[in-house]
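Reader: I am new to this structure. Could you walk me through it, one question at a time?

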Amino acid sequence: MSDLDQLTQSLARNLKRWRNERGFTLDALAARSGVSRGMIIQIEQARTNPSVGTTVKLADALGVSLTTLLDHEQGTHVRLVPPEQAVRMWSTPAGSHTTLLVGTEARGPLELWSWSLVSGDGSSSDPHPQGTTELLHVTAGVLTLVVDGVEHTVPAGTSAVFEASAPHTYRNDGDETVELTMAVSVPPVR
């Protein structure tokens, strides 16, 4: 089974499990997430590999991290994630990419990300649920962070924190590749 097939199977299994644990019907999850009922059925039956944006919307609606939705195994108090098991969530033909390093459900989903943005590339995000916080630390280059339409310049060595319930964009307007580490804390579903 290929990595993509394993990811599709894990997502199908976990989406159905978390939807049932939350007591959400297909229609309720569709309404909460903005993802069509038909798409949710296809995902739960492992008949499609949804976009990152669709997967994020589903995770947000369920109040779980992407790590949990993609493949979270309960077990010991320490979980090591070797580099080859980190999940590449998106990449561009230019070479930019994000990798979900690790996540947890302690007091609501918490995720740790590694980002690389090549010159001229970027990524936009829809607003996350109210109370979601993102923390980031730029280790190389100069990041242009746009939150709710306001641009912020974040050079290497600088950290930022913001409420991610507003639209936000990460951009590299410079010549050097931007490298950053980001943590995302999502409030638990109530």
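Reader: How many helices and strands are there in the protein chain?

Author: Happy to start there. This is a predicted model, in which local features need pLDDT of at least 70, side-chain atom pairs count only at pLDDT 80 or more, and totals for chains, interfaces and linings use all residues. Residues are numbered from 1 along each chain as its sequence is written, and side-chain values use heavy atoms, with hydrogens and water left out. Helices (H or I, at least four residues) and strands (E, at least two) are DSSP runs, numbered from the N terminus, and the protein chain has five helices and 10 strands.

Reader: What share of the residues of the protein chain count as buried?

Author: Buried means under 20% relative accessible area, exposed means over 50%, and partly exposed lies in between (1.4 Å probe, protein chains only). Of the 190 residues in the protein chain, the buried share is 43%.

Reader: How far apart are the end C-alpha atoms of α1?

Author: Helix α1 covers residues 3-22. The expected span of a helix is 1.5 Å times one less than its number of residues. For the 20 residues of α1 that gives 28 Å, and this agrees with the distance between its end C-alpha atoms, 28 Å.

Reader: Is Glu21 buried, exposed or partly exposed?

Author: Glu21 is found in helix α1, whose buried residues include Leu11, Leu15 and Trp18. Glu21 has a relative accessible area of 48%, so the word for this residue is partly exposed.

Reader: How far apart in space are Glu21 and Leu62?

Author: In sequence, Glu21 and Leu62 are 41 residues apart. In space, going from C-alpha to C-alpha, their separation is 9.5 Å.

Reader: Which residues of α4 meet α1?

Author: Axes are lines fitted to C-alpha atoms, for helices over the stretch in contact, and angles run from 0 to 180 degrees between N-to-C directions. The axes of α1 and α4 are 10 Å apart, at an angle of about 25°; the two helices are therefore roughly parallel (angles under 35 degrees count as roughly parallel, over 145 as roughly antiparallel, 65 to 115 as roughly perpendicular and the rest as oblique). Contact means heavy atoms within 4.5 Å. On the α1 side are Leu11, Leu15, Trp18, Arg19 and Arg22, and they meet Thr55, Leu58 and Leu62.

Reader: At what angle do α2 and α3 pack?

Author: Helix α2 takes in residues 26-33 and helix α3 residues 37-44, with axes 9 Å apart. Residues that meet here include Leu26 and Ala30 in α2, and Ile40 and Ile41 in α3. The two helices are roughly perpendicular, as their angle is about 115°.

Reader: What is the phi of Ala46?

Author: Ala46 lies in the loop between α3 and α4 (52-62). This residue is partly exposed, with a relative accessible area of 23%. Although Ala46 is not a glycine, its phi is positive, about 55°.

Reader: Where does Asp148 lie?

Author: Asp148 is a residue other than glycine with a positive phi, near 55°. Asp148 is exposed, with a relative accessible area of 55%. Its place is the loop between β6 (142-147) and β7 (150-155).
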